[in-house]
Every structure is written in structure tokens, then in C-alpha cells.
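Please open the structure in the viewer and keep the selection panel at hand.

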Amino acid sequence: MKVQGELTLPGEELAVIEEFIAGDGTYELNGIVRAAVIGKIFYDMLNRKSNVLGIKKIIFQSLKKAKYVVGIINTVKEDIAQVSVVGIEEKSVAPPISAYLHISQITNKKLNSITEAVRVGDIIRAKPLSYTFPLALTIKMKDLGVIYAKCSRCGYLLMKQDENNLKCQRCGNIEQRKIGVYMVRKSGS
Ligand SMILES: [Zn+2]
């Protein structure tokens with residue numbers, strides 16, 4: 001037997017059937033239960049089953065518990081931004097989870113274009129709306145939105161100017177965003 005919660009690879013021996021029968025994510029061959037997928041071992045003591053929770057299931061579980069996820073805006077097309085989720089709260093996720101943000105999930109205010117709220121390359125703090133892939137995201141709540149962005153004119157880091165605007169400290173360009181807990185602030189503010 002291995003340790004409960006340990007990471008396992010396909011083919012690794014988990015138990016003999018006299019101890020635990022094969023459950024989810026496992027298979028049995030010649031009386032030995034082995035992992036069928038990469039994941040975490042879960043010995044179900046009550047039903048005497050060995051299970052392996054696949055990576056997808058682990059991600060799914062941590063997403064459900066997460067207060068927020070962190071994503072990068074990849075493309076913006078019409079009313080939808082494609083997002084790569086690279087973090088679940090403080091934990092990084094590799095490979096990234098594909099997600100999207102619809103214009104209706106940004107703010108209750110009227111937006112003429114999604115680019116008034118997010119732009120390609122922005123890093124956002126968002127919340128999943130559903131747990132199917134690709135993930136549907138929302139940034140409607142107060143703390144959610146852009147947390148890091150660069151100037152579209154010169155590429156320098158933008159700083160928070162006020163509730164709706166970011167300002168480039170190099171060229172003075174002011175850009176509108178749906179701002180979350182922004183990470184870069186003017187010194188002294
Ligand atoms: Zn600039």
C-alpha cells in the first residue's frame with residue numbers, strides 16, 4: 001500500500017485485491033490493483049476500494065474551493081476574451097486551463113467594447129462561473145478584474161490612477177480597465 005494522497009503514475013501498484021479492490025482511475029491485473037491515470041491516491045477505507053483522482057479531478061476540486069483564479073488575456077474578439085488560467089489563488093497551474101470571459105460578465109455598467117475593460121496581455125483576477133472546460137469566468141465583483149497591465153502605446157507598466165483608469169508612468173497614456181486588486185501602485189498611495 002502507498003500513502004493516502006500520494007501522487008501516482010499509471011501502472012504503479014496500489015494494493016492487492018485482498019486489501020482494496022479496483023475503484024476509479026485504477027485497473028486490476030492478476031490480483032494487483034494499479035493506477036490507470038496520473039493523480040492522487042485515495043484509499044476508500046469504507047468500501048475497501050483504491051481510487052486515483054486524476055489531475056483533472058484535482059484541478060476541478062481546487063477550482064471549486066478557490067476564491068479566485070489568475071489568468072492572462074490571450075485574445076479579444078468581439079464580445080469574448082480568451083483567457084489562460086495560470087493560477088488558482090496563489091498556486092500556479094501548468095499547463096494553463098483555457099477559459100473565456102464574456103462582455104456580460106465584466107460590469108453592470110454599459111460597455112461599448114470589451115477593450116474598455118480588458119486588453120490582450122492583461123493579467124486578471126477572476127472567478128469561475130462553471131466547472132466545465134473551457135471555464136467561463138466573471139470579473140463582476142469588486143475585487144475582480146485587471147491586476148497587472150502594460151501600456152498599449154509604449155509597453156511600460158501601467159499604474160492605478162483611479163477606480164477606472166490606469167496611467168503609464170513613462171508616456172502619460174491613460175487607459176480604461178475594469179480594475180481588480182491592482183498590484184502596482186504609485187509610491188505613497
Ligand atoms: Zn506608455
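The stops below cover a metal site, a group of salt bridges and a surface patch.

This is a predicted model, in which local features need pLDDT of at least 70, side-chain atom pairs count only at pLDDT 80 or more, and totals for chains, interfaces and linings use all residues. Residues are numbered from 1 along each chain as its sequence is written, and side-chain values use heavy atoms, with hydrogens and water left out.

**The zinc ion**

Select C151, C154, C168 and C171: their SG atoms coordinate the zinc ion at 2.3 Å. Donors are N, O and S atoms within 2.8 Å of the metal (3.2 Å for Na, K and Ca); water is not among the atoms, so sites may look incomplete. The angles among the 4 donor atoms are 100 to 119 degrees, and the site is tetrahedral (for four donors, all angles lie between 85 and 135 degrees).

**Salt bridges**

Next, select D122 and R177, which form a salt bridge with the closest N and O atoms 2.6 Å apart; the term denotes a side-chain nitrogen of Lys or Arg within 4 Å of a carboxyl oxygen of Asp or Glu. Salt bridges with shared partners join R119, D122, E175 and R177 into one network.

**A nonpolar patch**

Finally, select L7, L9, I38 and I55, which make a nonpolar surface patch of about 360 Å². Patches consist of residues with over 30% relative accessible area and no salt bridge, like charges being joined within 9 Å and nonpolar side chains (Val, Leu, Ile, Met, Phe, Trp, Tyr) within 5 Å. Accessible areas come from the Shrake-Rupley method with a 1.4 Å probe, and for residues only the protein chains shown count as cover.

Terms used: Tetrahedral: all angles 85-135°; square planar, octahedral: opposite > 155°, others 65-115°.
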